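Student: Please take a close look at a single part of this model, the place where the two chains meet. I would like one connected account of it, with whatever bears on its surroundings.

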Amino acid sequence: MSTTGINWFKYSSPQAIYPLAGRMIPWFAAVAVGVIAIGLYIGFFVAPTDATQGDAYRIIFVHVPAAWMSMFLYVIMAIWAGIGLGLNARPSFMMAQAIAPTGAMFTFLALFTGSMWGKPTWGAWWVWDARLTSELILLFQYIGIILLRSSIDDLRRADRASAVLALVGVINVPIIYFSVKWWNTLHQGASVTITAAPTMAGSMVTAMLIMMVGFWMYSFAVTLARMRCVIVERERQPSWGKPASIPDVVEAR
Amino acid sequence: MQWGSVAEFLAMGGYGLYVWPSFGVAALCMGGEVIAVWRRHAAASESHDES
């Protein structure tokens, strides 16, 4: 067994996660506010006007971080769902449940800001292009996962069913990411990749990456806060602990 | 800084109509989510205390 002397399982129970998350949320929230403020300042006051797109390009500072978060959060949600299925671990399913609405929100934001950017640069609010269509499907996946969970009363079955749906749907994430390479699309290619130098001015990249960090911190804060909601809500479920008798259920209602 | 005046800043080189709704809706969505989670926690804790 472990020789580190740390009992990691101690931290994996809802009773331990609840206060731990409560202590972490203010820090993540404070950092998120500060970092997003710095990102907006650089994005609007330091980054120059783009030579070809004018100031419309500034939408990138919210569009790209939102789009990245929509994909990151999906993958993280699917990983928690997978751990939940593999280890039959309740807190993992709860994390997956806590992440889904934030992921859906960022997917909507990516689509909305993309539409706001598409109109002045492409002349259309929406085109049925590979990148846009696959991102729209991602939004439907998030909604489907949330609705599937809420449509099943038995908590354990709801956990497992939505976890399977989340895992199957993860195939769409690489499709979204590579769509601009695989198909001829109106959507521009990646502005920043690990392998190549960025195609934008330094201050533009800086602002975008800072906004990205800010959105990460926001996501940590808000998903941990929702995790605490889920913990409290589930504690009320009569299916927890000993099998509930009918009077117990009636009383709980 | 490239902005000569507040009006120039708000105009965003003629793209203000697209830039500001993008950031405005992002702020509304994120702020709204925070409030929603806050209320959900308050509601869950309250009903929890009753039982």
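**The contact between chain A and chain B**

Tutor: In this predicted model, 41 residues of chain A and 28 residues of chain B make up the contact. The size of an interface is often given as the accessible area lost when the parts come together. Here the area buried between chain A and chain B is about 2900 Å², and carbon and sulfur atoms give 71% of that. On the chain A side, the residues that lose the most area to chain B are A:F44, A:F45 and A:R236, which together account for 20% of what that side buries.

One pairs A:R226 with B:E33, with the closest N and O atoms 2.7 Å apart. As for secondary structure, the elements of chain A that give two or more residues to the side touching chain B are α1 (14-46), α2 (60-87), α3 (90-122) and α7 (202-235). Of these, α3(A) supplies the largest share, 12 residues. Sorted by class, the side of chain A that touches chain B has 27 nonpolar, six polar and eight charged residues.

Helix α4 of chain A, residues 130-151, packs against some of these elements: its buried residues meet α2, α3 and α7 of chain A, and also α5 (155-169) and α6 (172-182). The 22 residues of α4(A) reach 31 Å from first C-alpha to last, close to the 32 Å expected at 1.5 Å a residue. Among the buried residues of α4(A) are A:L132, A:L136, A:L139, A:Y142 and A:I145. An α-helix has 3.6 residues a turn, so residues three or four places apart point the same way. At the start of α4(A), a side-chain oxygen of A:D129 comes to within 2.8 Å of the backbone nitrogen of A:R131.

Most residues other than glycine have a negative phi. A:N88, which is not a glycine, has a positive phi of about 50°; A:N88 sits in the loop between α2 and α3 of chain A. B:M12, in the loop between α1 (6-11) and α2 (16-50) of chain B, also has a positive phi, near 50°.

Key
Residues numbered from 1 in each chain as written. Chains lettered and ligands numbered in written order. Predicted model: local features only at pLDDT ≥ 70, side-chain atom pairs only at ≥ 80, totals over all residues. Heavy atoms only, no water. Contact = heavy atoms within 4.5 Å. Buried area = accessible area lost by both parts, 1.4 Å probe. Salt bridge = Lys/Arg side-chain N within 4 Å of Asp/Glu carboxyl O. Helix = DSSP H or I, 4+ residues; strand = E, 2+ residues; numbered from the N terminus. Nonpolar A, V, L, I, M, F, W, Y, C, P; charged D, E, K, R; others polar. Expected span 1.5 Å × (residues − 1). Buried < 20%, exposed > 50% of the residue type's maximum accessible area, 1.4 Å probe, protein only. Polar contact = N/O pair within 3.5 Å; in protein donor to acceptor, adjacent residues only side chain to side chain.
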